[in-house]
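Dear colleague,

I am handing over the structure below, together with some notes on packing. Please read them alongside the coordinates.

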Amino acid sequence: MASFHEISKFLASVERRAFKQAVYAVQDDSAALDIVQDTMLKLTESYSDQPVDELPPLFQRILQNTIRDHYRRFKVRSTWTPLAGSFSRKMEDGEDEFDILDSVEDSGEGRHLSLVPDLQLNQKQTLILIEAALQNLPARQREAFLLRYWEERDVAETAQIMGCSEGSVKTHCSRAVHALAGVLASQGLKNHG
């Protein structure tokens with residue numbers, strides 16, 4: 001059974017990544033924040049008696065279900081209210097409030113690159129392209145891609161979180177990777193690995 005301190009430490013460790021994942025899914029910072037907060041509450045209310053090592057897959061499963069619930073509520077609301085109002089405000093600002101991965105400098109391996117402005121700008125532009133391409137993926141492909149490559153979950157864990165077979169996870173990931181590679185190639189970026 002996880003202690004209060006262990007649950008708090010776990011939630012603090014996943015908060016930022018969960019927020020980014022929710023933003024990618026719903027494309028709205030305040031809705032993403034609500035989703036993450038709801039997920040954290042559900043985890044602590046329903047699963048605080050679980051061992052610490054079981055919290056990560058439970059958290060991811062709850063997060064994905066909460067994102068799906070958001071889409072269901074949004075779909076119901078959109079049949080009764082026009083969507084134009086919610087999207088036009090963001091477009092009129094002319095500013096993109098979402099900062100991809102809070103910049104490449106956050107990772108230890110990227111710190112030395114901050115000394116080279118051209119490289120840093122190039123990486124930021126690449127991340128912006130990837131973010132846009134991720135937003136255009138179908139929801140299940142985006143979910144599989146983020147769980148496998150962002151959250152670094154294995155295929156079995158991803159299948160459990162998504163509630164599908166391992167074969168479906170592989171298919172969704174493959175399609176997502178090919179779609180993202182196509183978008184990046186169309187922008188002149190190629191895999192050199």
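Val26 touches Ala31, Ala32, Ile35, Ile67, His70 and Tyr71, leaving aside residues up to four places away in sequence, where contact means heavy atoms within 4.5 Å. This is a predicted model, in which local features need pLDDT of at least 70 and side-chain atom pairs count only at pLDDT 80 or more, while totals for chains, interfaces and linings use all residues. Residues are numbered from 1 along each chain as its sequence is written, and side-chain values use heavy atoms, with hydrogens and water left out.

Val26 also belongs to the largest nonpolar core, which has 21 residues and in which Phe10, Leu11, Val26, Leu43 and Phe59 touch the most other members. Such a core is a set of buried Ala, Val, Leu, Ile, Met, Phe, Trp, Tyr and Cys residues joined through side-chain atoms within 4.5 Å, buried being under 20% relative accessible area, exposed over 50% and partly exposed in between (1.4 Å probe, protein chains only). The elements that give two or more residues to this core are helices H1 (4-26), H2 (29-47) and H3 (55-80), with H1 providing the largest share, 9 residues. Helices here are DSSP runs (H or I, at least four residues), numbered from the N terminus. Apart from this core lies another, of 9 residues, including Tyr24, Leu137, Phe145 and Ala176.

Turning to helix packing, H6 (residues 139-150) and H7 (residues 155-162) pack at about 140 degrees with their axes 10 Å apart, the axes being lines fitted to C-alpha atoms over the stretch in contact and the angles running from 0 to 180 degrees between N-to-C directions. H6 and H7 are therefore oblique to each other, given that angles under 35 degrees count as roughly parallel, over 145 as roughly antiparallel, 65 to 115 as roughly perpendicular and the rest as oblique. Their contact is made by Arg140, Glu143, Ala144, Leu147 and Arg148 of H6 and Val155, Thr158, Ile161 and Met162 of H7.

H7 also packs against H8 (residues 166-186), at an angle of about 100 degrees and with the axes 8 Å apart, which makes H7 roughly perpendicular to H8. Here Val155, Ala156, Thr158, Ala159 and Met162 in H7 meet Glu166, Val169, Lys170 and His172 in H8.

Finally, Ala132 lies in helix H5 (residues 117-136) and, at 35% relative accessibility, counts as partly exposed. Ala132 and Leu180 are 48 residues apart in sequence, and their C-alpha atoms are 9.5 Å apart in space.

With best wishes
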